[in-house]
Amino acid sequence: MTFLNNRTPAGLAASILRIVLGALFVYAAWMKLRDPWALFAISIDSYQVLPLWAVELVARALPWFELLLGVLLISGLWRSVSATAASLLLAVFFSLMIRAMVKGLQIDCGCFGPGERLSWMTLLRDGALLASSLFVTIMAVRSTRGVHAHSA
Amino acid sequence: MKLYIAALAAMLPALAAAPDTIPGNALGDPKAPITIEVFSDFQCPGCKRFHDEELPLLVKDYVKRGKVYLVYRYFPLPQHTYGRKAAELACACAQLGKYEPAADALFAKQTSWSADGKLDETLAPVLTPAERKKLVTLVKDPIVQRTIEHDLAEGSALPLQSTPTVLVTSGIRQFKIFGEGLFNYTLVKATLDDLLK
């Protein structure tokens, strides 16, 4: 288990961001899991993207996936895989939010449980998280390639 | 321990100063396991949609069965010219025990009075001549303004981000539901059923 890679300033920054992202994923998962699943489904449904059966499936599964991702990011296990998955997930969230804003939907963002209206601030926050996640992903992939190159 | 006492002491005035709504503004059993507060503006199209499509189902499935206590909260938005006046009249009607018919009439003719401001004419068919006379006095009653101000303050404190917003309270748990998802009754029902388990 590798918590911090502080060999270089960029490596240290990536490790800190990875743990922060992990903690945020765990927090987001917890905020959803403590409430009835349908409440999160209401937020997902607001985006008007998925049919009802898929809304239910995502509402039930996504919080557990976020929890798993958060734990992996914090622990440093499967760093490249977990960071890539986090980046993809955040990219999907970000695209859906932009779509909703462009369509003028006044909806609950559903980011950290119910009650937060989707706004430019939400977009800014998610954009920053996505940028951080991409940085963590690049650093994780580079570090994995480095390890492989050394062991070859 | 001192911190707990201080926190409790700080909460006491808020608890004591938390007036409920006037009786006509609520429906169902106050002892129901779930309380739903509907923050609404009579001039808002989304509120009309909620009133027409969602509310009757909620009343039928939960309020009438003693599972939900429904409280109507006034949240007239400043951008709506006649929203406040409509809220005042509905609140006065509530004191006559006629909130529901008044709300039905206001939402049914929302487009019309939103354009010409003829609110008294809109409510006339649901009131008797004697009630109409009483309404003139009741609408000036300070309790009407107090009720609306209380609801506005409660909504702002949430904070409420759009209308209609539904505040669901089940024990110590509280959820705010708003936006498009609020109109998916299947999911709203699933949430309430989950809370009732």
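Contacts between residues 24 or more positions apart make up 66% of the contacts in chain A with a separation of 6 or more. The model is predicted. Chain A has a mean pLDDT of 90. In this chain, 91% of the residues reach 70 or more.

Chain A contains 5 helices and 0 strands. Read from the N terminus, its elements follow the order α-α-α-α-α. The radius of gyration of chain A is 17 Å, close to the 15 Å that the globule rule gives for 152 residues, so the chain is as compact as a globular protein of that length. The C-alpha trace of chain A spans about 50 × 25 × 25 Å along its principal axes. Of the 152 residues of chain A, 36% count as buried.

A:Gln48 lies in the loop between helix 2 (37–46) and helix 3 of chain A. Its phi is near 55°, a positive value in a residue other than glycine. A:Gln48 has 14 C-beta neighbours inside 10 Å, so it counts as partly exposed. A:Trp78 is placed in the loop between helix 3 and helix 4 (79–102) of chain A. A:Trp78 is not a glycine, yet its phi is positive, at about 45°. With 14 other C-beta atoms within 10 Å, A:Trp78 is partly exposed.

Of its 7 residues, 6 are buried, so strand 2 of chain B is largely enclosed by the rest of the structure. Strand 2 of chain B runs parallel to strand 3 (residues 68–74) of chain B, and 7 bridges join them. Within this pairing, B:Phe39 stands opposite B:Arg73 in strand 3 of chain B.

The loop between helix 8 (142–157) and strand 4 of chain B holds B:Pro159. The peptide bond from B:Leu158 to B:Pro159 is cis, with omega near -10°. B:Pro164 is also found in the loop between helix 8 and strand 4 of chain B. The bond from B:Thr163 to B:Pro164 is cis, and its omega is near 0°.

The two chains meet at an interface. Here, 18 residues of chain B are in contact with 18 residues of chain A. On the side of chain B that touches chain A, the elements giving two or more residues are strand 5 (173–178) and helix 9 (185–196) of chain B. Helix 9 of chain B gives the most, with 7 residues. By class, this side of chain B divides into 8 nonpolar, 7 polar and 3 charged residues.

How values were computed: Residues numbered from 1 in each chain as written. Chains lettered and ligands numbered in written order. Predicted model: local features only at pLDDT ≥ 70, side-chain atom pairs only at ≥ 80, totals over all residues. pLDDT = per-residue confidence, 0-100. Contact = placed C-beta atoms within 7 Å. Helix = DSSP H or I, 4+ residues; strand = E, 2+ residues; numbered from the N terminus. Nonpolar A, V, L, I, M, F, W, Y, C, P; charged D, E, K, R; others polar. Buried ≥ 20, exposed ≤ 12 C-beta atoms within 10 Å, placed from the backbone. Pairing = 2+ DSSP bridges. Rg over C-alpha atoms; globule rule 2.2 N^0.38 Å.
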